[in-house]
Amino acid sequence: MKPPPIAPEEVRRAQEKRLRDVWETPSGWRYWTSVNNTQVGVWYTATAFAFMLFAGVLALLMRTQLAVPDNDFLSADFFNQAFTLHGTVMMFLFAVPMFEAVAIYLLPPMLGARDLPFPRLSAFGFWSFLIGGAFVCGSIFFDAAPNAGWFMYPPLATDKQYSGIGADIWLLGLSFIEVASIAAAVELIVGTMKCRAPGMRVNMMPLFAWYLLIVAGMILFAFPPLIAGDLLFELERMFDWPFFDAARGGDPILWQHLFWIFGHPEVYIIFLPAIALMAMIVPTFAQRPIVGYSWIVLAAVGTGFLSFGLWVHHMFATGLPQISLAFFSAASEAVVIPTGVQIFVFIATLLAGRVIFGVPMLFGAGGLAIFIIGGLTGVMVALAPFDWQAHDTYFIVAHLHYVLIGGMLFPVVAGLYYFYPLVDGRKLSDRLGKIAFWLMFVGFNVAFFPMHLSGLRGMPRRVFTYPEGLGWDWLNLISTIGAYVFAAGFLVVVFDVLRPKSRQPALERNPWNAGTLEWINEPDENWGVRSIPLIESRYPAWDQQDLIRHTDEGRFYLPDAEEGRRETLVTSVLDAEPIYCMRVGGNAVSPIVAAFALGAVFIALTFEWWVATAVSAFVTLGAILFWAWTGTAEIPEKPGKDIGLGLTLPLYRSGPESVGWWAMFITMVGDGTAFGSLVFGYFFYWTIHEDFTAGTAGPGVLWPMAALACFVAAWLLMLAARGVNARGSAIGMRLAVGAALVLTAVGSLTGLYGPWVHGMDPTAHVYPAIVWVLVAWTAVHGAVGIVMLLYCLARSFAGKLTTAHDIDIHNVVLFWHFLTVTAVTTFAVVGLFPLAL
Amino acid sequence: MAIAGALIWAAVIGTLIYATRERRRVQSEHAAGLLILWGGAIIPALLLGLLLGYALWLMPDIRPWSAPGEPAGLRIEVEGEQFWWRVRYHPADGPPVDAANEIRLPVGERVEFTLTSSDVIHSFWIPVLGGKMDMIPGRTNRLTLRAAKTGTYRGPCTEFCGTSHALMAFSVVVMEPDAFRDWLADEARPSPGAGAPGGELFIANGCPACHTVRGTEATGAVGPDLSHVGSRETLAAGIMPVDVEAIASFISKPDAIKPGAQMPAFGMLPEADIAAIAAYLEGLK
């Protein structure tokens with residue numbers, strides 16, 4: 001393609017000044033109000049690493065306790081808190097958030113976007129993560145940490161005497177973080193689908209973006225079952241609803257299902273982003289495009305898909321029927337194949353290229369060597385007969401650390417060494433990197449390899465001490481020594497990152513000669529790309545001549561910020577055709593207020609301070625409404641603008657073309673999954689009991705059917721409201737919305753009236769409890785819908801929701817589709833299903 | 001399996017190291033694609049298919065697919081409690097016999113275990129005899145085991161069950177069938193030491209509220225049955241030797257030895273009384 005024309009020097013200087021002003025990072029205390037992906041990404045990454053170091057110290061304490069038999073360095077109670085928190089923090093506060101952090105930082109530059117579509121949501125997610133994480137970690141200093149193991153099996157974890165407040169801290173603190181994770185997933189999915197540079201069709205996306213799309217999709221289906229489980233769990237702890245109490249019809253196994261339906265995909269949610277980093281590093285060091293792009297994408301999709309069908313292999317010892325063990329055994333073996341394909345894609349790429357070796361490759365290859373051992377032991381434990389021996393022993397401890405440290409930590413450190421120049425303009429030290437690698441690699445294997453043997457010799461996991469003479473003594477001593485060597489290696493990495501580097505000369509851009517778009521970013525400018533280029537290749541920096549120079553000269557799209565607004569391009573999902581120019585949110589306090597207020601809701605709930613909970617919930621709602629009112633669906637001062645290269649794009653789009661619609665859609669898919677998990681619970685109880693209702697009264701047919709009718713009628717009215725609005729009648733729209741509002745309120749109350757009038761006592765048996773949960777879930781969604789309708793009415797009266805500017809009504813109607821499915825399912829299940837018994 | 005694993009690992013890592021060498025032939029994209037196909041997909045699929053087939057073929061032998069047709073001669077009911085094991089033998093002929101924290105088995109015979117829990121989830125495992133099975137409140141799990149040779153083994157609790165999870169184990173004694181039957185008959189009877197001195201202190205200090213000693217008025221069912229505690233391999237669920245000193249220390253400070261244990265401490269009793277009770281219990285052979 002012929003290079004686009006260049007603007008005169010002084011025009012470019014003026015453009016650059018305007019861009020710089022618009023994207024400027026605030027200084028002083030206002031620095032923390034920044035929402036730009038560059039700042040938020042760095043904070044997020046640093047915080048995740050800090051939590052990791054904290055959990056690492058806990059691990060060292062535990063290894064010290066276990067160095068010799070019958071040790072009393074730690075008390076049993078502290079040890080139990082320490083291992084619970086170690087697992088919890090590593091999983092929920094390091095492994096998953098780390099991927100979100102890196103994605104927030106890297107995704108926009110890789111896609112050629114100026115920022116993610118909802119930067120304030122990223123900031124909200126970060127602050128939520130920080131608050132929730134500090135709350136969970138801090139608990140151990142008050143001897144109040146969760147102590148029932150990171151998978152929190154009831155009835156141990158529902159026992160208030162045993163777990164005290166710790167279990168509530170786990171449930172509520174992590175629910176809060178899970179909400180933030182889902183927010184991040186929504187952001188990343190929409191960003192990947194809608195904010196790519198023009199011309200970057202899906203089959204040209206960097207592999208990192210593909211992996212993120214898959215992983216974010218997995219989060220959307222994996223986290224909601226856990227949130228549903230948390231809800232049931234907390235209702236049992238707070239109000240004695242017997243979901244997991246066998247004496248009243250509950251079943252502790254339901255928690256195990258819900259937890260592992262989350263927990264197994266979680267492993268791949270952790271592993272795939274690390275592979276994604278490798279998929280960026282390997283082509284750079286082989287100096288050639290990846291071999292088998294479609295192979296690796298398909299394999300990643302396959303892994304993500306299969307990972308949802310494996311969860312029962314964590315439950316092989318619970319006495320489930322052999323036939324289901326056989327099925328899940330086979331599925332667990334099957335997932336090896338797509339994983340193997342991904343590894344061989346890397347090896348094949350290296351073989352087909354000329355390899356330059358460097359510290360990132362060292363960590364990558366070392367991680368692979370460790371991960372493959374974890375994979376091979378995984379093949380072993382996926383076989384039920386082997387697992388019956390290995391389950392819950394140190395063999396599993398070894399296996400999971402080989403998988404997670406080889407499959408996540410080493411690639412992340414590789415990514416740190418690889419991407420550091422992008423952040424700082426300087427490289428980390430080769431020499432320190434090599435020292436760190438060998439300490440970590442040797443220390444890791446010395447620490448964890450002997451655990452295979454101690455496990456096979458019968459040492460159960462989660463023991464605070466062990467008697468001497470069982471053949472475990474010297475194995476444990478070796479493990480402890482290895483753990484300290486490993487920790488020393490990681491400290492070298494920390495030192496390398498933190499040491500002052502101002503005397504080191506700044507590097508040229510793209511120091512590794514990589515092929516992907518992120519390397520054309522200027523580290524000392526906050527605007528991302530100087531102009532958004534037109535993409536013609538998977539490796540544009542290799543294939544498109546003078547791409548960096550042309551981009552820097554502002555020859556491509558959006559080289560200016562004439563109106564003083566932060567802008568990026570929204571393109572179509574498959575072909576990345578430009579659709580509109582989006583104005584993204586600037587620095588703001590409202591996400592911070594919302595995050596702190598929501599954090600206060602969860603913390604107050606932990607201590608059962610009801611007034612504080614209500615006040616914080618009110619503040620949260622206020623902050624979110626203010627944020628939405630001032631920062632979304634803004635009506636532009638002109639319908640469109642010239643974005644360069646002779647292209648004029650609109651500034652406002654609604655419905656499926658807009659990013660907000662997609663965000664609502666994706667959020668509601670996650671919400672629907674949580675609801676589906678509750679419905680699964682209803683039918684689970686039905687299958688395990690002869691008489692599921694235990695003779696207690698149901699909600700009847702009349703009231704559930706009346707509620708169902710109200711919700712369906714409200715939905716029809718909402719469709720009418722959207723149609724009437726499109727035809728120009730503001731008054732008709734307001735009337736329809738008002739009627740829908742009344743019907744929703746009536747429907748919610750009617751739905752609740754059914755179980756109430758039949759005297760269903762949720763503490764008596766699990767049947768009334770699960771009915772109440774479904775009905776209340778629907779009513780709460782009805783209430784959220786009512787808030788949305790009031791918001792629409794207010795927007796309409798304020799002139800912010802009109803025929804031409806109808807984002808709000810489109811998004812609310814979309815919510816209504818999901819609400820209607822929820823309501824119809826709920827009332828059909830609770831009202832009609834008992835008739836079929 | 002370990003050897004095959006080591007070979008696979010060596011092959012993959014060897015290729016990886018070769019790939020990173022500077023002086024070597026650059027492979028064509030076609031050859032690289034073939035490597036992905038064979039190394040990543042076809043060979044693993046074949047190997048895993050074989051391995052899975054073998055495992056599925058093994059499974060019915062280790063654990064029956066459905067309820068077994070052949071009735072086991074002996075059934076042993078084991079209930080996990082924080083942090084000990086309630087054991088009840090159901091011989092094919094004769095009434096059930098209660099015991100605790102130790103399981104005796106006849107060699108060469110199939111024994112069926114019914115596994116339950118009264119509080120939280122525990123897991124029952126005798127590593128040398130077979131795989132583990134969880135004990136879940138509200139559910140009854142079945143497991144059959146056949147010991148091939150005599151000996152004394154250890155079984156730990158393998159599902160985290162609370163503060164003293166690490167201190168919950170039991171001993172397994174596999175005996176010749178005749179010796180086992182004699183032992184079980186003795187176990188069903190009161191110990192010859194049941195009427196010995198010290199018994200009155202055991203009764204007077206409230207121990208019968210929780211413990212049973214057959215042949216005396218102690219019939220409590222909250223804690224472990226102590227009818228033959230002196231003949232067991234270990235004390236306090238696999239954590240101490242059975243001697244007078246250990247018994248006395250457990251009576252005076254159970255919570256220090258086993259944090260979170262339900263048993264109240266009796267350290268306020270005169271030392272002489274504790275010693276007498278300990279000697280009495282040690283004599284319950």
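**View 1. Burial and overall dimensions of chain A.** Buried residues account for 59% of the 837 residues in chain A. The model is predicted. Along the principal axes, the C-alpha atoms of chain A fill a box of roughly 80 × 75 × 50 Å.

**View 2. Secondary structure and contacts within chain A.** Chain A holds 25 helices and four strands. Take the contacts in chain A between residues at least 6 apart in sequence: 81% of them link residues at least 24 apart.

**View 3. The β3–β4 hairpin of chain A.** Strands β3(A), residues 640–644, and β4(A), residues 647–650, run antiparallel. Four bridges join them. The two strands form a hairpin, with two residues between them. In the turn, L645(A) has a positive phi of about 50°. G644(A) stands opposite L647(A) of β4(A).

**View 4. The contact between chains A and B.** Chain A gives 65 residues to the contact, and chain B gives 58. On the side of chain B that touches chain A, at least two residues each come from α1 (2–19), α2 (29–62) and β7 (133–135) of chain B. The largest share comes from α2(B), with 18 residues. By type, this side of chain B divides into 34 nonpolar, 17 polar and seven charged residues.

Methods: Residues numbered from 1 in each chain as written. Chains lettered and ligands numbered in written order. Predicted model: local features only at pLDDT ≥ 70, side-chain atom pairs only at ≥ 80, totals over all residues. Pairing = 2+ DSSP bridges. Buried ≥ 20, exposed ≤ 12 C-beta atoms within 10 Å, placed from the backbone. Contact = placed C-beta atoms within 7 Å. Nonpolar A, V, L, I, M, F, W, Y, C, P; charged D, E, K, R; others polar.
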